[in-house]
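Here is a short report for a reader meeting this structure for the first time.

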Amino acid sequence: SSDLKAQQLIPNLFPSAGRLPQVLSTMSFWGCIVTPGQSKKVETRAGELLHLSQVCLAPDTPAGASSKVLVEQGGQSYAVACLREGGQEFCALDLFLDTNEAKIAVKGKATVHVTGYFEADE
């Protein structure tokens, strides 16, 4: 049948068809919860980068509460997101951290969930 012929051709035309890309096997989920006034040290393993992909307010954030999310590195603080309940409650990020000196801090009244993944430093 034509379906059988297509199934036989696909692996020959696209050798990776039916397999997950190898890059997925080298990534793993990472997350942390940072409360107001707290900072958390980022710990990466040798040969890995931490990709921060999103920050969002905790589900139990009080009405109108807000927080700024900062990355502290090399003695400097960098604001990467400003979040407010009822407004901007999450923010997509595309940041790579490769140092054990980096910290994520939250200033304001709201707890923040930070998520991302570890990726091989190639």
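Strand E3 (residues 48–57) and strand E8 (residues 112–120) run antiparallel to each other and are joined by nine bridges. Within this pair, Cys56 faces His113 of E8. Gln54 has Thr115 in E8 as its bridge partner. These details come from a predicted model.

Strands of a sheet pair through backbone hydrogen bonds, either parallel or antiparallel.

How covered is E3? It is mostly covered, with seven of its 10 residues buried. Glu48 lies in this strand. Is Glu48 buried or exposed? Glu48 is buried, because its relative accessible area is 17%, and the limit for buried is under 20%. Beyond residues up to four places away in sequence, Glu48 touches Phe118, Glu119 and Asp121. Cys56 is partly exposed, with a relative accessible area of 22%.

**The other sheet**

Another open sheet of four strands has the order E2-E7-E4-E5, and its pairing is antiparallel too. Its edge strands are strand E2 (39–41) and strand E5 (76–84), each pairing on one side only. Neighbouring strands in this sheet are turned by 20° against each other on average, direction ignored.

E2 and E7 pair in the antiparallel sense over three bridges. In that pair, Ser39 stands opposite Ala105 in E7.

Lys103 is partly exposed, at a relative accessible area of 34%. Which residues does Lys103 contact, leaving aside its neighbours within four places in sequence? They are Ser39, Lys40, Lys41, Val42, Leu70, Val71 and Glu72. One of them, Leu70, is 33 residues from Lys103 in sequence, yet the two are 8.2 Å apart in space, C-alpha to C-alpha.

| Residue | Relative accessible area | State |
|---|---|---|
| Glu48 | 17% | buried |
| Cys56 | 22% | partly exposed |
| Lys103 | 34% | partly exposed |

**Cysteines**

How many disulfides are there in the whole structure? A search finds zero. A disulfide is a covalent bond between the sulfur atoms of two cysteines. Take Cys91. Its sulfur is 8.7 Å from the closest cysteine sulfur, in Cys82, which is too far for a bond. The cut-off for a disulfide is 2.5 Å between the sulfur atoms.

**The chain as a whole**

Now step back. The protein chain holds two helices and eight strands. Along the sequence, the pattern is α-α-β-β-β-β-β-β-β-β.

Of the 122 residues in the chain, 29% count as buried. The accessible surface comes to about 8000 Å², and carbon and sulfur atoms account for 53% of that. Contacts reach across the sequence: among those with a separation of 6 or more, 78% join residues 24 or more positions apart.

**How confident is the prediction?**

The chain averages a pLDDT of 83, and 79% of the residues score at least 70. Over residues 19–25, the pLDDT is below 50. Beyond near neighbours in sequence, that stretch has zero contacts in the model.

Methods. Residues numbered from 1 in each chain as written. Predicted model: local features only at pLDDT ≥ 70, side-chain atom pairs only at ≥ 80, totals over all residues. Heavy atoms only, no water. Buried < 20%, exposed > 50% of the residue type's maximum accessible area, 1.4 Å probe, protein only. Contact = heavy atoms within 4.5 Å. Areas by Shrake-Rupley, 256 points an atom, 1.4 Å probe, with all protein chains shown as cover. Pairing = 2+ DSSP bridges. pLDDT = per-residue confidence, 0-100. Axes fitted to C-alpha atoms, helices over the stretch in contact; angles between N-to-C directions.
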